[in-house]
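Have the viewer open as you read.

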Amino acid sequence: MNTKQTTSGQQPISVAVIGAGMAGRTHANAYCQASTVFGLDLPPIRLHTIADIHLPAAEDAAKRYGYENATADWRQVIDDPEIDAVSIVVGNALHRPIAEAALAAGKHVLCEKPLSDTIADARAMAELEKTTDLVTAVGYCYRRNPGIAALIDTVQHGRIGKVAQITAEYLCDYGADPLVPMSWRYQGPQGSGALGDLGVHLLDTLEQIAGRIIRVGGASFANTVTERPVATANVAGGRGVTGSDDAPKEPVENEDTAVFTADFASGARGMISTSRVAFGLANGLKISVAGPSGRAGFDMAQPAAFWMHDPQPEYGTNGPRNILVGPKHRYVTAGSAMDFEGVGFSQVDQFIFQNRAFLEQIVAQRTGEPFPNALPTCPTFADGVHTMLVLDAVARSAAAGGTTVEVEQN
Ligand SMILES: NC(=O)c1ccc[n+]([C@@H]2O[C@H](COP(=O)([O-])OP(=O)(O)OC[C@H]3O[C@@H](n4cnc5c(N)ncnc54)[C@H](O)[C@@H]3O)[C@@H](O)[C@H]2O)c1
């Protein structure tokens with residue numbers, strides 16, 4: 001634990017990021033920005049180390065985001081007593097060993113989603129969580145998108161009536177090119193492909209809107225690209241990386257596309273689809289929620305707004321309207337250097353808000369006092385297990401030809 005005191009008397013929080021791929025760089029940036037948003041009461045954040053097995057990636061991110069050190073060995077982060085908190089931002093199979101080592105070394109852990117690649121590993125992490133006072137968090141960041149948060153609040157405040165039906169899709173194209181080389185995303189059991197990578201975000205977000213999912217059905221997976229070139233270099237991110245057509249190929253193990261229905265305990269019904277081979281959609285997340293007295297939704301392609309349709313104003317002039325997200329909505333006031341309507345908030349902002357919330361939780365854990373004006377706390381490892389149990393139910397439904405499957409509760 002870092003015991004150095006600043007002149008303001010606040011003990012710094014010293015952070016490290018393990019993994020410097022697409023999301024690792026976003027965590028690195030998020031810690032950099034965490035003190036620039038909301039209140040001024042975070043202690044100084046010491047940007048200590050970036051670790052990536054591909055050292056040039058670690059060095060690049062360290063230089064870009066102002067971290068003091070870069071290493072190719074994540075165990076150096078674990079062994080460094082100066083580091084207080086760690087983001088785990090590598091392929092899912094590595095989450096458990098790194099989280100266990102970090103917690104054993106007394107470090108707070110923010111682990112990316114899904115919590116792990118297997119339920120057994122995720123459950124072991126949640127068991128460990130029960131035994132520690134350290135902060136343990138999982139990275140479901142979409143709930144912090146100001147437009148999605150506004151949608152959640154609109155529905156929660158009853159503006160569309162009791163939620164009846166949700167349609168949600170998360171369609172991406174990062175796997176559309178069959179020459180994108182093999183990487184961890186294409187390896188693992190059925191359910192760990194597009195569903196585990198993208199669908200998991202929808203599940204967390206939809207449960208914020210309509211409560212727990214208790215049953216799934218009608219699931220069907222498709223695998224469009226069945227083999228990929230063996231990677232000959234670091235393929236972090238994958239997007240825009242093309243392998244050679246005459247390179248040896250490896251089989252893709254998990255699904256490119258997943259569709260299914262979800263029953264919520266609240267009575268709402270959902271239709272959900274996700275894909276990583278949807279041409280032209282780099283990040284196509286859309287949610288539409290219908291109730292008896294209104295509809296509302298969000299489209300990641302228009303992140304400055306959410307939409308709403310209700311009986312206002314009078315018949316003849318009403319209709320769906322876009323509502324610009326602004327200071328009257330959560331996360332906006334002081335959430336950006338430009339905290340007003342029409343600016344738009346991105347996925348990068350979601351990570352800033354998430355990592356700030358994680359740091360606030362660390363301060364609260366240290367002081368034993370609630371953090372003033374705290375952001376909503378991060379989901380826990382136990383929450384991460386729940387979402388994985390929904391994924392598991394969807395995979396079992398797909399394996400059984402779309403049969404209805406009850407979600408195991410943890
Ligand atoms: N919350 C989000 O919006 C979001 C977005 C993307 C990814 N993710 C999650 O973040 C994690 C990483 O995804 P990504 O897209 O950044 O993957 P990526 O493939 O872009 O990057 C992974 C990085 O891990 C490094 N790595 C591999 N083995 C390592 C090891 N043993 N030690 C240190 N580094 C190692 C690789 O060199 C690579 O740079 C995954 O769990 C993913 O699901 C979350």
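Predicted model: local features only at pLDDT ≥ 70, side-chain atom pairs only at ≥ 80, totals over all residues.

Residues are numbered from 1 along each chain as its sequence is written.

**Strands around β12**

Helices (H or I, at least four residues) and strands (E, at least two) are DSSP runs, numbered from the N terminus. Two strands pair if DSSP finds at least two bridges between them. Strand β12 (residues 269–275) runs parallel to β7 (residues 165–171), with 7 bridges joining them. On the other hand, β11 (residues 257–264) runs antiparallel to β12, again through 7 bridges. T274 is a handy landmark in β12: Y170 has T274 as its bridge partner, and A258 stands opposite T274 too. β11 and β12 make a hairpin with 4 residues between them, and G267 in the turn has a positive phi of about 105 degrees.

A residue is buried if 20 or more other C-beta atoms lie within 10 Å of its own, exposed if 12 or fewer, and partly exposed in between, with C-beta atoms placed from the backbone. In helix α6 (residues 146–156), 9 of the 11 residues are buried, including L151. These buried residues pack against α7 (194–210), β13 (284–291), β14 (294–299) and β15 (305–309). After the helix comes G158, with a positive phi near 80 degrees.

A nonpolar core is a set of buried Ala, Val, Leu, Ile, Met, Phe, Trp, Tyr and Cys residues joined through C-beta atoms within 7 Å. The largest one has 117 residues, and I18, L151, V216 and V394 touch the most other members. It draws at least three residues from each of domain 1 (13–142 + 348–379) and domain 2 (146–344 + 388–406); those bounds come from an automatic or database domain assignment.

Most residues other than glycine have a negative phi, and most peptide bonds are trans. Here are some departures:

| Site | Feature | Angle |
|---|---|---|
| K113–P114 | cis peptide bond | omega about -25 degrees |
| Q312–P313 | cis peptide bond | omega near -20 degrees |
| F38 | positive phi | about 60 degrees |
| N373 | positive phi | about 50 degrees |

F38 counts as buried because it has 20 C-beta neighbours inside 10 Å, while N373 counts as exposed because it has 10.

Key
Contact = placed C-beta atoms within 7 Å.
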